[in-house]
Amino acid sequence: MWFEPLTEQQATLNVTMSSNPRNQTTILERLIERFIRVTGILVILFLALIFLFLLREGGATFFEVTLRNLLQTRWYPNEGHFGLLPLILGSLMVTLGAAVVSLPLGLLTAVFIAEVAPRWVREILKPFIEVLAGIPSVVLGFLGMLVVSPLIREYMGAPTGLTALSGSLMLGYMALPTIISVAEDALDAVPKSYRDAALALGATHWQTIWRVTVPAARSGILTAMMLGVGRAIGETMAVMMVTGNAARMPLTLGSFLMPVRTMTATIAAEMGEVAQGGAHYHVLFAIGLVLFFVTFIINLIAAWTIFRQGKRYGRLLS
Amino acid sequence: MDTRSKFELQNVSYIYEDGVQALYDVNLCIYPNQITAVFGPAGGGKSTLLRLLNRLNELIPGRRLEGRVLLDGEDIYAPGMDVHALRRRVGMVFATPVPLPMSIRQNLTYGPELAGVRNRARLDELVESSLQAAALWGEVKDRLDEPAAALSGGQQQRLCLARTLALEPEVILLDEPTSGLDPISTAKVEASLQELKQNYTLVVVPHSVQQAARVADHAVFILQGELVEEGMGGQLFTKPQNQRTEDYITGRFG
Amino acid sequence: MSRQLRQRLGFTLLSLTTLTVVLPILLLVGYIVVQGAPAISGEFIVAMPRDGMRAGGLWPAIVGTVLLTLGTAIFAVPVGVAVAIYLAEYARDNLFTRLIRLAIINLAGVPSVVYGLFGLGLFVIFLQFGASILAGSLTLAIMTLPIIISTAEEALSAVPRSFRIVSFSLGGTKWQTVRRVVLPQALPGILTGVILGLERAAGETAPILFTVAAFFLPRLPHSIFDQTMALPYHLFVISTQVPGMPVHIQYGTALVLLIFVLSMNVLAAVMRSRFRAKRQW
């Protein structure tokens with residue numbers, strides 16, 4: 001990175017300093033350096049392994065279940081119905097709802113923290129967002145179940161309160177820390193000179209934010225949103241505990257107040273009871289494969305945006 | 001080949017990866033126990049030349065060296081050369097002092113320990129002798145275990161000099177060693193150089209023509225990668241042969 | 001509307017929005033504290049559960065979570081730090097390096113339940129470790145790698161380049177430079193990243209669902225091939241699948257998990273600020 005790796009060769013010159021216990025150091029050093037270089041490959045290997053195992057167990061689906069079966073609208077494995085549509089739509093719906101909640105809230109909060117909040121407020125908010133990021137999804141699911149769902153039942157007339165809306169709300173809040181911290185980094189990275197130039201031209205702080213700073217940070221903000229959505233799609237426990245887990249087809253807006261089931265919840269809920277090697281087992285892995293692909297594509301796009309800017313990852317991965 | 005020389009550059013050219021050339025066919029001898037001052041306008045290749053002498057240029061990959069660089073007659077870029085041993089023989093002091101984030105003592109023992117010196121007594125000896133040679137011993141002898149970052153700018157620079165001396169080198173390269181320093185510290189450093197040349201060979205890139213005139217035993221004028229003129233003593237500054245040299249020294253361009 | 005007025009309104013809107021983010025979380029967490037605190041007692045923490053988990057303590061779940069966290073650390077930290085050192089100090093800017101970074105970003109984005117499937121397929125079934133602490137730790141470790149790698153690399157890269165150049169000019173080799181100058185300076189940052197990564201691992205449920213977690217284990221695990229209880233899974237089961245579970249025990253469990261996880265957060269934050277104060281550059 002800084003330099004070419006230098007080769008260790010035997011000295012042919014007289015070394016002024018004492019000679020060479022460094023011979024042994026050199027061998028140890030070479031071993032260590034070799035180990036370090038190999039680990040880079042490990043990372044790629046792990047990703048490939050994940051893909052391979054999903055493919056291995058999930059690919060068998062296509063030999064055991066017809067495409068027609070997979071594309072139907074009933075998911076009822078006990079009777080051999082493996083329609084994926086309700087699950088896919090369920091995931092989509094909950095994710096969409098989560099996006100509606102978290103994208104605007106996340107962006108506005110990031111703008112607040114990065115551009116408007118006074119120093120002492122920032123010092124409190126930033127750790128707070130980190131704390132929010134640390135709350136385990138099962139805890140949020142638990143709260144959603146015991147606190148949020150009853151509220152939705154009371155005030156919105158849903159029969160049980162275990163609805164897609166509840167799922168969207170909890171998911172939205174789970175995705176918020178990712179969106180906020182990445183967007184905030186992007187806003188911080190906008191050079192001060194841009195803001196100064198706008199202010200010098202007579203713009204107000206508010207105008208500067210929306211006409212200069214945010215547009216300048218837009219690719220980072222977009223990345224933040226993609227990562228947030230990716231997080232939402234992949235979330236399991238929180239949705240499983242609040243969405244009611246009924247594999248229906250959510251086709252209308254009103255479906256937000258009905259139970260729904262996501263792909264992730266399906267895997268988590270049913271894997272424990274499934275016979276290894278059976279069709280149901282394979283289909284669950286196939287669903288995992290679909291999830292892997294979807295998040296892979298999203299991450300590919302996000303990564304491409306990051307690479308284009310020449311940065312590394314900032315706080316994306318935490 | 002000049003057998004009297006410590007370092008000899010033969011037809012040295014240095015080309016960057018994008019084709020820009022930093023040095024054009026430089027032939028230069030650096031003689032032992034002298035101060036050789038390599039001066040010239042910014043961007044001319046002086047620092048590049050300096051870094052060729054201890055192979056620090058290799059920290060940036062992709063560049064090409066043509067010609068030979070000989071130390072005591074041996075090509076330092078030959079495949080069998082131990083570059084780490086070379087850097088202990090040819091030490092370097094940089095323009096901005098960079099104390100390592102450790103105590104003063106640890107800064108000084110860093111190099112020797114990397115080279116394999118373990119003996120406590122020997123290390124203490126090196127610490128004291130190098131600090132003495134850098135004219136810093138008196139000021140820090142009671143606080144050797146305090147962080148080196150707490151020293152003043154001038155003291156840090158002398159610490160960096162001492163750090164190099166602790167490796168008992170043969171040649172010391174100094175790249176604008178006084179550029180950040182006040183006149184008093186500058187004078188102290190220049191005085192140290194005069195003392196040091198008795199035991200070492202010094203190659204200095206001065207930060208001004210005046211400094212070059214003050215310290216040089218052998219002056220070398222580099223302009224845009226070319227060695228334009230060189231001379232012994234003060235001859236270059238009083239009677240430059242080349243028009244470009246005269247123009248630069250008299251300040252017609254800079 | 002005047003520009004000033006618009007600005008004032010805009011700022012108010014932003015503050016309200018932030019409040020909408022902050023307040024519900026504060027309230028919900030506060031609610032857990034209030035509801036769960038009564039259940040917390042010495043017995044709750046160190047005793048074994050009784051009566052089908054409806055009474056007694058959480059000890060095996062706590063032990064299980066600690067063991068899994070340790071296991072994750074053992075596998076993820078050496079590999080993660082090594083990859084970070086490779087990326088920061090050795091890697092050149094070529095296709096291979098980009099592939100590695102791409103792989104890291106993707107590993108970070110894989111859904112946790114897919115990690116669970118992966119762990120099931122590879123460690124539990126293919127390598128025949130069975131549902132075990134070993135399988136669970138390995139799964140969690142791979143999941144935690146991206147966080148550790150990225151924070152460690154940031155920490156290493158933050159060490160000023162000039163230190164490295166000085167070390168080389170004094171005759172140091174690359175590894176000597178890394179070991180004696182760069183790594184020690186980056187260590188606090190790396191440690192912070194490790195703690196944050198482990199915090200994630202401790203709170204995750206989906207990856208351990210099929211690879212290690214058990215609900216009712218009347219004894220503590222004896223070996224790494226045993227299954228174990230774990231706090232997140234425990235909370236999940238007692239809140240969704242056990243009839244007649246006293247509510248305050250549920251909240252108490254949630255509170256214990258929250259304290260476990262958030263104390264790591266606090267630890268990391270404290271380390272970060274102390275390090276910043278003590279830095280010699």
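Here are some questions and answers about a predicted model.

Residues are numbered from 1 along each chain as its sequence is written, while chains are lettered from A and ligands numbered from 1 in the order in which they are written. In this predicted model, local features need pLDDT of at least 70 and side-chain atom pairs count only at pLDDT 80 or more, whereas totals for chains, interfaces and linings use all residues.

Reader: What is the bridge partner of B:Val12 in strand 2 of chain B?
Author: Strand 1 (residues 7-15) of chain B pairs with strand 2 of chain B in the antiparallel sense over 6 bridges. In strand 2, the partner of B:Val12 is B:Val26.

Reader: How many residues does helix 1 of chain C give to the side that touches chain A?
Author: Contact here asks for C-beta atoms, placed from the backbone, within 7 Å. By that rule, 78 residues of chain C are in contact with 72 residues of chain A. Helix 1 (residues 3-36) of chain C gives the largest share of the chain C side, 16 residues.

Reader: What distance separates the centres of the two domains of chain A?
Author: The bounds come from an automatic or database domain assignment, with domain 1 at 30-59 and domain 2 at 64-308 of chain A. Between them, 6 residues of domain 1 of chain A are in contact with 6 residues of domain 2 of chain A. Taken over C-alpha atoms, the centres of these domains are separated by 28 Å.

Reader: Are helix 8 and helix 11 of chain C roughly parallel or roughly antiparallel?
Author: Axes are lines fitted to C-alpha atoms, for helices over the stretch in contact, and angles run from 0 to 180 degrees between N-to-C directions. Helix 8 (residues 174-203) and helix 11 (residues 247-278) of chain C pack at about 170 degrees, with axes 9 Å apart. Angles under 35 degrees count as roughly parallel, over 145 as roughly antiparallel, 65 to 115 as roughly perpendicular and the rest as oblique. Therefore helix 8 of chain C is, relative to helix 11 of chain C, roughly antiparallel.

Notes:
Two strands pair if DSSP finds at least two bridges between them. Helices (H or I, at least four residues) and strands (E, at least two) are DSSP runs, numbered from the N terminus. Two residues are in contact if their C-beta atoms, placed from the backbone, lie within 7 Å.
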